[in-house]
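The sequence and the structure are shown first, and the description follows.

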Amino acid sequence: MEIKPGIKIQKPVITQAECDAYSAVVDAIITHNEAAAVGDALWGIDDQPGYYIVVESGTKPVPDDVPEPAPSLEEKLAALQAAQNDADALNVDQEYRLTLLELGITE
């Protein structure tokens with residue numbers, strides 16, 4: 001069976017043959033989407049009453065358009081610690097300069 005948009009798999013998927021057919025459709029969709037070039041149509045499965053149908057589901061984006069993954073907890077913590085260290089350094093420098101000014105040591 002050639003798998004392309006419009007192919008239907010009847011529900012419910014119960015027998016081994018039906019499971020194999022559904023798995024073949026999923027594998028074909030994954031293979032197609034991985035091989036798609038930028039701008040090519042991507043495929044997906046739409047769940048309809050009584051059947052599943054292979055549909056086009058958008059196009060493959062330009063790699064720059066793909067959002068960056070959210071930073072991990074460790075990355076967030078490191079950024080917060082770096083910001084706190086910078087703030088602490090600025091506070092120490094400010095206090096140092098005020099002390100020198102009060103003592104009349106600076107110009």
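Two strands are said to pair if DSSP finds at least two bridges between them. In this predicted model, strand E2 (residues 41-48) and strand E3 pair in the antiparallel sense over seven bridges. Strand E3 (residues 51-59) also pairs with E1, again in the antiparallel sense, over three bridges.

| Residue | Bridge partner in E3 |
|---|---|
| Ile9 | Tyr52 |
| Ile45 | Val54 |

E2 and E3 form a hairpin, with two residues lying between them. Gly50, in the turn, has a positive phi of about 95°.

The largest nonpolar core consists of seven residues: Ile3, Ile7, Ile9, Val25, Ile29, Trp43 and Val54. In soluble globular proteins, nonpolar side chains tend to be buried together. Leaving aside residues up to four places away in sequence, Ile3 touches Ala24, Val25, Ala28, Trp43 and Val54.

Helix H2 comprises residues 73-103, a total of 31 residues. From its first C-alpha to its last, H2 reaches 45 Å, close to the 45 Å expected at 1.5 Å a residue. Just after H2, Gly104 takes a positive phi of about 75°.

As to confidence, the mean pLDDT of the protein chain is 90, and 96% of its residues reach 70 or more.

Technical notes: Residues are numbered from 1 along each chain as its sequence is written. This is a predicted model: local features need pLDDT of at least 70, side-chain atom pairs count only at pLDDT 80 or more; totals for chains, interfaces and linings use all residues. Side-chain values use heavy atoms; hydrogens and water are left out. A nonpolar core is a set of buried Ala, Val, Leu, Ile, Met, Phe, Trp, Tyr and Cys residues joined through side-chain atoms within 4.5 Å. Buried means under 20% relative accessible area, exposed over 50%, partly exposed in between (1.4 Å probe, protein chains only). Contact means heavy atoms within 4.5 Å. Helices (H or I, at least four residues) and strands (E, at least two) are DSSP runs, numbered from the N terminus. The expected span of a helix is 1.5 Å times one less than its number of residues. pLDDT is the predictor's confidence in each residue, from 0 to 100.
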